[in-house]
Amino acid sequence: MDESHAVGGITDPRGQRRAVVLGGTGFVGRRIVRLLSEAGWEVVVPSRFAARHKDMGLWPSVVLVDMKSVAQSDLATHREAPGLAELLDGADLLVNLVGILNERGNDGQGFKRVHIKLTKAALRAAADAGVPRYLHMSALGADEENGASHYQRTKGKAENWVHRFGRKHDIAVTSFRPSVIFGPGDSFLNRFAGLAKLMPGIFPLACAGARFSPVYVGDVARRYVEAINDPATFGESYDLCGPHDYSLGELVSYAASTSGHPRWVIGLPGWLARLQARVMEWLPGKPFSRDNLASLQRPNTCEPDCQREPTRLEDIAPSYLAPDACLARW
Ligand SMILES: NC(=O)c1ccc[n+]([C@@H]2O[C@H](COP(=O)([O-])OP(=O)(O)OC[C@H]3O[C@@H](n4cnc5c(N)ncnc54)[C@H](OP(=O)(O)O)[C@@H]3O)[C@@H](O)[C@H]2O)c1
């Protein structure tokens, strides 16, 4: 590889460096794409639903690519990920944020396709194209062997694989493992605020005692961009947590009251939580599932000695949850 193109190189005679961001249209991806674009990168963002994200095509030096034409509707179902090779040709950085919280079936195959197969296809294509730097999105609790859910095991397997592959193919890999992420447009606090509105005074909740360290999406995006040129992060994996830990019950109660619909949160016993998960699997969009319930069995918090991200939930959430909020979306 030409030295002048190296990650961390001071000069780049080609001018703009190019990043390909998979999952760049999502809640986290949009922040990372925006920061990269502001930092002067050309950012290529493939999407299966480019028409839904037309606004991003107007961001400076962001190229939104409609993957429908090359990948039908689902990148993960294509063994050779057609189109990726062309997209990655000449790229300096690949960021992979693609992930799902729920699959269509219940046997783990959907998680495998999206978290493992797609990741392998993308990183192999990056290696073929000589891309020197790769940032990977995992999740706190991801664990190939001992994960409690398909989500956690497939995330763990993918994360282990990208580090092994990076070492073998001389790609500088960094992975991030956030707890639940909050910010305008999140699907966590916003979902509970929306549900609270529909509940008649009480809010029955599965795993109300489950622990989280919510981390701000802006902090997550900053960590990605700061890592790009920092050799100390090469080959490393980082847990990302916000400054405080909360129980799920506390977070739901907070989302409900901040959005103007205070509710009394009642923890469900295990058997009722399992029943609720089964029922909700049949609702449109599968808002909750047995796999989600399994993930909740383990604390989603960082070790006490872990460096915490600075932004407090209470300083941001009202700006998009409050009834008069103007930042409902981002
Ligand atoms: N949000 C959280 O609280 C949280 C916490 C820990 C870890 N994470 C991880 O962070 C990542 C991003 O999360 P997010 O909240 O930003 O998710 P999101 O808003 O749902 O965005 C998901 C992105 O992945 C892409 N995608 C989904 N399925 C795909 C498939 N089969 N083929 C190709 N692309 C696909 C989507 O692209 P198109 O639809 O445009 O094609 C979209 O850009 C995920 O890996 C997630 O597991 C999130």
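Student: Which helix gives the most to the shell around the ligand?

Tutor: This is a predicted model, in which local features need pLDDT of at least 70, side-chain atom pairs count only at pLDDT 80 or more, and totals for chains, interfaces and linings use all residues. Residues are numbered from 1 along each chain as its sequence is written. Helices (DSSP runs of H or I, at least four residues) and strands (E, at least two) are numbered from the N terminus, and helix H1 (27–38) and helix H5 (109–129) each supply at least two residues of the shell. The most, three residues, comes from H1.

Student: Which residues come nearest to the ligand?

Tutor: A residue is near a molecule if its C-beta atom, placed from the backbone, lies within 6 Å of it. Of the 24 residues around the ligand, the nearest are Gly-23, Gly-26, Ser-47, Arg-48 and Gly-99.

Student: How far apart do the C-alpha centres of domain 1 and domain 2 lie?

Tutor: The bounds come from an automatic or database domain assignment, with domain 1 covering 3–179 + 216–240 and domain 2 covering 189–212 + 244–321. Between their C-alpha centres the distance is 27 Å.

Student: Which element gives the most to the side of domain 1 that touches domain 2?

Tutor: Contact here requires C-beta atoms, placed from the backbone, within 7 Å, and it takes 16 residues from domain 1 and 18 residues from domain 2. On the domain 1 side, helix H6 (150–169), helix H8 (217–227) and strand S11 (237–240) give two or more residues. The most, three residues, comes from H6.

Student: Is Ala-91 buried or exposed?

Tutor: Ala-91 sits in the loop between helix H4 (84–88) and strand S4 (93–96). Leaving out residues up to four places away in sequence, Ala-91 touches Arg-18, Ala-19, Val-20, Ala-129 and Val-131. A residue is buried if 20 or more other C-beta atoms lie within 10 Å of its own, exposed if 12 or fewer, and partly exposed in between, with C-beta atoms placed from the backbone. Because 20 other C-beta atoms lie within 10 Å, Ala-91 is buried.

Note on methods: Two residues are in contact if their C-beta atoms, placed from the backbone, lie within 7 Å.
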